[in-house]
There are 2 protein chains.
Amino acid sequence: MTRLDENPTTRTVPPVSPPARRAAAAPGAATSERIDVAALGEQLLGRWAEARKHSRELLRDDAFHRRSDLTLDEQRERVFGQLQHLLDRDAVLRAFPKRLGGLDDHGGNIAAFEEIVTADPSLQIKAGVQWGLFGSAVLHLGTEYHHDTFLPAIMSLEVPGAFAMTETGHGSDVASIGTTATYDPATEEFVIQTPFRAAWKDYLGNAAVHGRAAVVFAQLVTDGQGQGVHAFYVPIRDDQGFLPGVGGEDDGLKGGLNGIDNGRLHFDGVRVPRTNLLNRYGDVAPDGTYSSPIASKGRRFFTMIGTLVQGRVSLDGAAVVASKLALKIAITYGSERRQFTAADPGREEVVLDYQRHQRRLLPRLATTYAMSFAHEKLLAAFDGVFSGEHDTDADRQDLETLAAGLKSLSTWNALDILQESREACGGAGFLAENRLTQLRADLDVYATFEGDNTVLLQLVAKRLLGDYAKKFRGADAKTVAGIVAGQVGQAATDRSGLRRLAQNVTDRGSTGRAVGHVRDEESQRALLTGRVETMVAGIAARLRPAAKASPVEAARLFDSNQNELIEAARAHAELLQWEAFTDALSEVQDPVTRTVLTWLRDLFGLSLIEKQLAWYLIHGRLSAQRATAITDYIDDRLLPRLRPHALDLVEAFGFAPEHVRAPIASGAEQARQDEAAAHAARR
Amino acid sequence: MTRLDENPTTRTVPPVSPPARRAAAAPGAATSERIDVAALGEQLLGRWAEARKHSRELLRDDAFHRRSDLTLDEQRERVFGQLQHLLDRDAVLRAFPKRLGGLDDHGGNIAAFEEIVTADPSLQIKAGVQWGLFGSAVLHLGTEYHHDTFLPAIMSLEVPGAFAMTETGHGSDVASIGTTATYDPATEEFVIQTPFRAAWKDYLGNAAVHGRAAVVFAQLVTDGQGQGVHAFYVPIRDDQGFLPGVGGEDDGLKGGLNGIDNGRLHFDGVRVPRTNLLNRYGDVAPDGTYSSPIASKGRRFFTMIGTLVQGRVSLDGAAVVASKLALKIAITYGSERRQFTAADPGREEVVLDYQRHQRRLLPRLATTYAMSFAHEKLLAAFDGVFSGEHDTDADRQDLETLAAGLKSLSTWNALDILQESREACGGAGFLAENRLTQLRADLDVYATFEGDNTVLLQLVAKRLLGDYAKKFRGADAKTVAGIVAGQVGQAATDRSGLRRLAQNVTDRGSTGRAVGHVRDEESQRALLTGRVETMVAGIAARLRPAAKASPVEAARLFDSNQNELIEAARAHAELLQWEAFTDALSEVQDPVTRTVLTWLRDLFGLSLIEKQLAWYLIHGRLSAQRATAITDYIDDRLLPRLRPHALDLVEAFGFAPEHVRAPIASGAEQARQDEAAAHAARR
């Protein structure tokens, strides 16, 4: 934040007229009226506002807050104790069936759960392991017998449990796990076996210390036939420790989330009754006959896995909450902290008044709003499927694609936002008391668990390619050729720069006119949508020869497009975020709020376009002049307009001081500045 | 790393010919011969190879290694104990004068010091506080009296000390600190005073527990006149605790580096003898008369601060070592780990064979090589100045600019490399035993201490503007107008796309020909250099009106260019890295090694250009076709060519297993894969 005006050399630049690329900010462009913080806050809380408020109220209690002075064992015990406390306060059973004491409220359950991040991400994930993974697996993969037999003790925490899916050797590729469950018709039991070291279950919460049982995913074998991955309810521990045949290891200290006892499990001839197979999607009769309501092995697997989508949904929401907290801290501090003298030698500048500081924080604020609105849509889709209101195959596939795309972006964004916020607070940001480093450490693994983001984005890309292919289904060769020829023609135009030249002629001499063509909502939408469509069409065309190639050649071809596939999926998910933000604008009643949120949406949309400016230039979607105008518009218009509203925009997140708990965002910095200023005034 | 060939929908893309944008990798492009790992390793160790080897040999001893099972207090005591151990093993006094038992070896001292990162960054920084900051301040800001009086006890660790520069209210803006040192001629003492809370010294290593003395930076006041910031040797603690008038606080837990006892200090009427002023650049006579060998207050301040450049130099080197460690771990694991089946249904694919995995790790490997070679140049510049061999004002300014630029890039890069390496190792990367999370947590603060990177890049930008202005010094108005008109004309051509069209005509129809025009060394240099020059000229032109503007207007103008100033500085520092890498190529004897390193340099250079592709397109430096060809050349040529050499390229970093200490990089994964494969073969 050094100002350059102290340096005499910068004033010796020769007195000739440069092209005045940057226009002065239009006077009066920033509205002096304030946004309606309360109404915006309600909108952000969304459809499940009551669940969120209940959870937030509860989480003001420091009994739930992370303490940084505990040993590893103490942290684990504290968090385990907090689970009981959450249970006692009616905070965690909303998703379970009414007949067992729940509320059958899937959306509200996740909404309330996400807010736990403000207390301690370890507590969130530990609760998620117990009720969200272990309990949900029994609920969604089991049938009435399992619900009646196992759920009450899971819900009451009498049986803490692990979700034993991942193995040391296989994480995101669940279909390839090595653990087997072989049916023995003589005793009507399954024999659970770990065949080699890589097949040890690994990274399982509750496995190292607290778990008494586990839902174990294993390759079901009956009548000598492998039937693919199924889930089994397996007791693993009693008061004396591991049960016979079960062994394990502690994963030890991790990069974060150390309130959770992650560990490893392995099985040697562990027998469970036939009825411990969670048999909603596949069953074995006493004589060993396998049956399933889903004929295709692949579809069966994906259906089972699909019931577990709520993990991704809730991580997306947790990432939103953490991002809001980070920006609440950094923007509050940035609005009070002063550093370096600019114009007025008597007073240093507030750091958020520097362009670079705005560049660092305000686009991330816009992203957080987009993430928040997008998450609300995801939660609605999730509730639709799990409440049974909208539960077709297509609904489930849409939900899974949406969850995969949004979770990938938001968990990565949260790390970026936490880190930039930490750096924007300098040394103070590095102190544990200001929470940014610990939140970042805890959320780190969100990018790779519940599906590695890199893998998830490939699932999204697969879906995009599938949808693209459907467009052509049934079309005759001539029609198809026509469509593709149109694209080729488009590509030729892109390359030649003819479109750009046309834009240049239109825009020449007017930055205002240039940006006028891209800053409105429809232009943003067209640019963002066009990129996704063009990328998908391009990849599909390049993959076409794979259909007739050898497996080796086809694999090589796919691999040579892997990077672009992932980028296309990212572009698609960004578009969904942008659309969610845009849809949210129409719900804003207060005109000042709507104006400010529209600027914020524009900042989000134009920042997305700016990040991929090269693509838009190469493909002739933007002229050089319009591309430049986007950056200028962000720097010279949007940032200065939004700056006065930054504090209100983080105030609307609705956190109480007990949620924030960072001394630098408590007003302490303002008090120090005032004291220093008073001292200077006296001299 | 999902492969897409399982998905039938991707095969239904219609059978028409798309433009074959991606050429197949040329057969035989990757050399099957191996690089000369030993020779390359020596080259990387550089001019101070012996010092590095001595340090590395020492650091194999687990007495120096970080332990993760200690409480905060235990960590601090352990690291403090390790300082004595380093001293006993002759590891830390190379930079001190021969007459006091040192070696007057400045480059070797830093080289040996940087390697401590492999043991524990806390140990590195704690040693840096004692001998590099506290000791160096006495050495470089003091004179013979101070050397004789204070250095022996500092060197021997008899007096552990703090470097009390930063205050809660002022970090990078040292000139504005609030602590005062007022001369009292009656007693010939300075009175050290903290006037308000924001002027407390803060974040000081050794301040919370171990420090017995401090070099305190304060505004020197004598005869009622402020003479600016000077440094004073101030005892702060004895066996009973703080000395009278001294107070403090513990900074407590931090995001990392918890082996160091950072804390706060404040002073109330603390008196030290006049001779405790470290008086090399400014002195006060017994009667209170101030004198200095440097007349300008500003230059005096920057000269004093400049002597402390070694902190930045050593952080740059430490970031290089940490980046090498991260890639050693991630590339070793990525070469053994298998996940998802591609072509061969019997065996899963090695993850580093996936394009995306290569995209994640290999450009970062190239960056690490560039950082390493650039650091070697920085170290030589540092040694030149501090040995007195090349110690003009210009040399010092060059050194400071180089250190500011390289430290900013390398510390940010290290965080990015550590994080990508962690994610590339999935859940295993999140386990503390695999070290990536802890290294990242420790290095986090490297981005904001010893000068916040954002501030440092602005110092670099200032220098670039200054140099630019000098070009015009003495030129008459007509010449200047001519030069600038040329630039304006250039800009007009850029915008019109005429240059791009010319490139298109030349390149049409041949991706190979298109990339041929940019992939060679001279084209890379021209593109990278041209960007820096154009950006600087553009900013200088836009800042021109500041010379005649009011202070408020001038400040506004500077601020509206702040973001671009920082980007220009970054581009400049990247160019320096690229040049260092390129210079290093000429020293490679072995032809295979030189070929492979040239590919790696090309990957670095083209990745830099790819990252800023929009700029090159907007400014007409690249056509759309050439821009596209760069990405294709990286994906289809450079990554596949470098892949077979990836293990050798990290082997050349020369780490012993005791430096790496990550179970996932120990061969354990290979053993697990072999066992699983053997199991599959038996079935």
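This is a predicted model: local features need pLDDT of at least 70, side-chain atom pairs count only at pLDDT 80 or more; totals for chains, interfaces and linings use all residues.
Good morning, colleagues. Let me start with the overall make-up of chain A. The chain holds 25 helices and 14 strands. Of its 683 residues, 64% count as buried. As for contacts between residues at least 6 apart in sequence, 75% of those in chain A join residues at least 24 apart.

One part of chain A carries a label from a record. UniProt, in an unreviewed entry, places the feature "domain: Acyl-CoA oxidase/dehydrogenase middle" at residues 162-270 of chain A. Across residues 162-270 of chain A, the model has 0% helix and 50% strand.

I turn now to some strands of chain A. Strand 2, residues 180-184, and strand 3 of chain A run antiparallel and are joined by 5 bridges. Within this pairing, A:Y183 has A:F190 in strand 3 as its bridge partner. The hairpin that these two strands form has 4 residues between the strands, and in it A:E188 takes a positive phi near 55°. Strand 3 of chain A also pairs with strand 10, residues 263-273, again in the antiparallel sense and over 5 bridges. There, the bridge partner of A:E189 is A:P273 in strand 10.

Over all chains, the structure holds 30 aromatic pairs. How are the rings of A:Y183 and A:F190 placed, stacked or tilted? Their centres are 5.2 Å apart and their planes stand at 55°, so the pair is tilted. Both A:Y183 and A:F190 are buried.

A:F190 takes part in a second pair, with A:F232. In this case the ring centres lie 4.8 Å apart with the planes at 65°, so the pair is edge-to-face. This pair links distant parts of the chain, since A:F190 belongs to strand 3, residues 189-193, and A:F232 to strand 6, residues 225-235, 42 residues apart. A:F190 and A:F232 are both buried.

Elsewhere in chain A, ring pairs link A:Y369, A:F373, A:F581, A:F653 and A:F655 into a cluster. Rings also meet charged side chains. A:R197 lies over the face of A:W200, at 4.1 Å from the ring centre. Likewise, the charged end of A:R396 sits over the ring of A:F386, 5.4 Å from its centre.

Next comes the nonpolar core. Which residues touch the most other members of the largest nonpolar core? That core has 364 residues, and the answer is A:F217, A:Y369, A:L649, B:F217, B:Y369 and B:L649. A:Y369, then, belongs both to this group and to the ring cluster. Leaving aside residues up to four places away in sequence, A:L649 touches several residues, among them A:I35, A:L40, A:L365 and A:Y369. Its list of contacts also includes A:V596, A:L597, A:L600 and A:L642.

A:L443 lies in helix 12 of chain A, residues 436-443. Why does A:L443 count as buried? Its relative accessibility is 1%, and the cut-off for buried is under 20%. A:L443 and A:A318 are 125 residues apart in sequence, while their C-alpha atoms are 9.0 Å apart in space. Beyond residues up to four places away in sequence, A:L443 touches A:P121, A:A319, A:A322, A:A414, A:L415 and A:L418.

My last topic is backbone angles. Most residues other than glycine have a negative phi. A:D223 sits in the loop between strand 5 and strand 6 of chain A. With a relative accessible area of 57%, A:D223 is exposed.

Strand 5, residues 213-222, and strand 6 of chain B pair in the antiparallel sense over 9 bridges. In that pairing, B:V221 stands opposite B:G226. The hairpin has 2 residues between the strands, and B:D223 takes a positive phi near 55° in it. Strand 6 of chain B, residues 225-235, is mostly covered, with 8 of its 11 residues buried.

Finally, B:R435 has a positive phi of about 70° although it is not a glycine. B:R435 lies in the loop between helix 11 and helix 12 of chain B. Is B:R435 buried or exposed? At 11% relative accessibility, B:R435 counts as buried. Thank you for your attention.

Methods. Residues are numbered from 1 along each chain as its sequence is written. Chains are lettered from A and ligands numbered from 1 in the order in which they are written. Side-chain values use heavy atoms; hydrogens and water are left out. Buried means under 20% relative accessible area, exposed over 50%, partly exposed in between (1.4 Å probe, protein chains only). Two strands pair if DSSP finds at least two bridges between them. UniProt positions are given in the numbering used here, feature names are shortened, and annotations may be inferred rather than shown by experiment. Rings of Phe, Tyr and Trp (its six-membered ring) pair if their centres lie within 6.5 Å; planes under 30 degrees apart count as stacked, over 60 as edge-to-face and the rest as tilted. A charge sits over a ring if NZ of Lys or CZ of Arg is within 6 Å of the ring centre and within 35 degrees of the ring normal. A nonpolar core is a set of buried Ala, Val, Leu, Ile, Met, Phe, Trp, Tyr and Cys residues joined through side-chain atoms within 4.5 Å. Contact means heavy atoms within 4.5 Å.
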